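Colleague: Hi! Could you walk me through this one while I have it open?
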Amino acid sequence: MSNISQLSLTKIVKGIKKKEFTSEEVTKVFIANSKKSKKLNTYITECFDEALISAKNFDKKKDYNGLLSGIPIAIKDLFCTKDIKTTAGSKILNNFIPTYESTVTKNLWSQGAFLLGKLNCDEFAMGSSNETSFFGNVINPYGEKIVPGGSSGGSASALAAELTPATIGTDTGGSIRQPASFTGTVGLKPTYGRCSRWGIVAFASSLDQAGPMTKNVEDCALLLQAMSSYDPKDSTSIDIKVENYSSKLTEKVKGLKIGIPKEYRVDDMPVEIDSLWKKGIDYLKDAGAVIKNISLPHTMYALPTYYIVAPAEASSNLARYDGVKYGHRAKGNNLIEMYENTRSEGFGNEVKRRILIGTYVLSSGYYDAYYLKAQKVRQLIKNDFDKSFTEVDAILTPSTPSSAFKIGDKTDDPISMYLNDIFTVPVNLSGLPAISVPAGYDKNNLPLGLQLIGKPFDEQTILNLSLAIEKRVNFKKNFKNWWC
Amino acid sequence: MSIDKDTVKHISKLAKISLDEKKISDLSKDLSSIMKFIEKLNKLNTDNITPLTSIINASLKSRIDEVNDGKIRDQILKNSPENNEEFFVVPKVID
């Protein structure tokens, strides 16, 4: 039965339905794999005993009506799970037990899935390498010294290493797509408003969005469908019918117009990334798509804009961590001192940097120069996309400017770390859906991904195009399970 | 704009994060390089551009303001670092 873990989510769902194996058998396989994976450091909280009970209950009830009937699933520890510790990768939430369940996870459970565990991530999802987590680095299955990307690094590693059949992450500036690209997996950031943000530990509320991370595109369509919903508890979630992405999934993309933005050909871009992009263009041409050169002239301003907007929102969102109602508390001689010491002890360096940048750009006298300016540029960035989407159906770019790097390589220079997200950030600023699909390997045998950006609420088209690429790439993982 | 140590001290007060001298000095360096990076935006003319306030084209839905949970005081208090039976406890505020 050990080959169950190699199956796609879709095949496991079907296998359980056809009684080829039970939910308990499936769950045991993933628990066994997870137990052997300590070196990868993907789990913050293991829920293996509870998962086994859920699996046994499922096998007794045999309710196969859900999209994810009988599926154990480990998720990023940024989703609040009722009665189960939720840390956001931070010391300050080290002991936080939510009294409620996030809407996205509730949706998964109502489709028949159950929780296998909570996965490591960058602290408050702030990071691109999973090195900012209070719970330590996550390791990429592609190498003992290689980062999995971030912030959904634990999710990406656990998925690639077959510790969970699929997983979910969150993406504020690339936190699903970049780690997916670094681990040879599929990751999709839905349109802003497609998935409810309710119960997700907030980082930057106008950018955050939850999304699926899976072994292949078919699984991605299935999981997206399961997790999406309109939610009255999130006033920014949108009341648009959730598509049956799976049944509409097709690799027939003939005649679709694909934009190639010239501004994404950045300085110092490795030759390999450029040739990967060209291959992607060839795959889509082969599938009958029409390639068009387009211009997104404000692309170079996206990262600086992001590093005003995201820290500004983060500094407000993280004001709630004061050591009073929940989380870590430090000693202090008076209330203010207690706040200051709590936040000093509870937050890591990257989170402090971002809170302080956010505080600075919002502080009296600087608001117009920074925050207001950034919101104007954000409008220009969005206008670029709006204009392009009158001419094309989707946009193809590389997912990242490089493959996964070594642990410690970029921790000394925040800017070099931020540059990882150069191709993913404009999408969040514009609220668009985008997917990263594995497209090949670099000379060091590390995976590389291609990104497809879609029109608002047109996840279907980018899924279809990704399927067309996936069929042509025929990507196979090429690491041994060295950590066992 | 470079962020000198006094500015770091000022904003860390606003953000309620205590910092030692070493941290202040490290952050002054880090934040200055981040601000320099951000200031690329100054090259761009944004006169007459309306700032983006929402990326959602739809108007936000409102809902009836009614209580739909509650009666979980004890569970909520359980998460607090210090409490008595009904209250969160904080260091003394008034002498």
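Modeller: Happy to; we can start with the overall fold and then go into the details.

Modeller: One thing to keep in mind is that this is a predicted model.

Colleague: What about the largest nonpolar core, how many residues has it?

Modeller: That core has 157 residues. Among those with the most contacts inside it are Ile73(A), Met227(A), Tyr307(A) and Leu452(A). Helix H10 (residues 302–317) of chain A provides the largest share of this core, 9 residues.

Colleague: Let me pick one of those. What is Leu452(A) in contact with, leaving aside its neighbours within four places in sequence?

Modeller: Leu452(A) contacts Ala394(A), Leu396(A), Ala434(A), Ile435(A), Ile462(A), Leu465(A) and Ser466(A). Ile462(A), Leu465(A) and Ser466(A) are also among the buried residues of H16(A).

Colleague: Nice, so on to that helix. What span should H16(A) have, and how far apart are its ends?

Modeller: Helix H16 (residues 459–473) of chain A has 15 residues, which at 1.5 Å a residue should span 21 Å, and its end C-alpha atoms are 21 Å apart, which agrees. Its buried residues also include Glu459(A) and Glu470(A). After H16(A) comes Asn474(A), with a positive phi near 50 degrees.

Colleague: Let's jump to H3(A). Which of its residues are buried?

Modeller: In H3(A) the buried ones are Ala51(A), Ser54(A), Ala55(A) and Phe58(A). They cover an arc of only 100 degrees around the axis, which puts them on the same side of H3(A).

Colleague: Why would a spacing like that line residues up?

Modeller: An α-helix has 3.6 residues a turn, so residues three or four places apart point the same way.

Colleague: Got it. What do the buried residues of H3(A) pack against, and which exposed residues are on the face turned away?

Modeller: They pack against helix H2 (23–35), strand E2 (72–76) and strand E3 (114–119) of chain A. The face turned away from the buried side of H3(A) carries the exposed residues Asp49(A) and Lys60(A). Lys62(A) follows H3(A), and its phi is positive, near 55 degrees.

Colleague: I'm also looking at Glu350(A). Buried or exposed?

Modeller: Glu350(A) has 21 other C-beta atoms within 10 Å; the cut-off for buried is 20 or more, so Glu350(A) is buried. Glu350(A) lies in helix H12 (residues 349–362) of chain A. Not counting residues up to four places away in sequence, Glu350(A) touches Glu123(A), Met126(A), Gly127(A) and Thr132(A).

Colleague: Last topic: how many residues does each chain bring to the contact between A and B?

Modeller: Chain B brings 41 residues and chain A brings 54. On the side of chain B that touches chain A, the elements giving two or more residues are helix H1 (5–14), helix H2 (21–38) and helix H3 (73–78) of chain B. H2(B) gives the most, with 7 residues. By class, that side of chain B has 27 nonpolar, 8 polar and 6 charged residues.

Colleague: Great, thanks!

Methods: Residues are numbered from 1 along each chain as its sequence is written. Chains are lettered from A and ligands numbered from 1 in the order in which they are written. This is a predicted model: local features need pLDDT of at least 70, side-chain atom pairs count only at pLDDT 80 or more; totals for chains, interfaces and linings use all residues. A residue is buried if 20 or more other C-beta atoms lie within 10 Å of its own, exposed if 12 or fewer, and partly exposed in between; C-beta atoms are placed from the backbone. Helices (H or I, at least four residues) and strands (E, at least two) are DSSP runs, numbered from the N terminus. The arc is that of the directions from the helix axis to the C-beta atoms. Two residues are in contact if their C-beta atoms, placed from the backbone, lie within 7 Å. Ala, Val, Leu, Ile, Met, Phe, Trp, Tyr, Cys and Pro count as nonpolar, Asp, Glu, Lys and Arg as charged, and the others, Gly among them, as polar. A nonpolar core is a set of buried Ala, Val, Leu, Ile, Met, Phe, Trp, Tyr and Cys residues joined through C-beta atoms within 7 Å. The expected span of a helix is 1.5 Å times one less than its number of residues.
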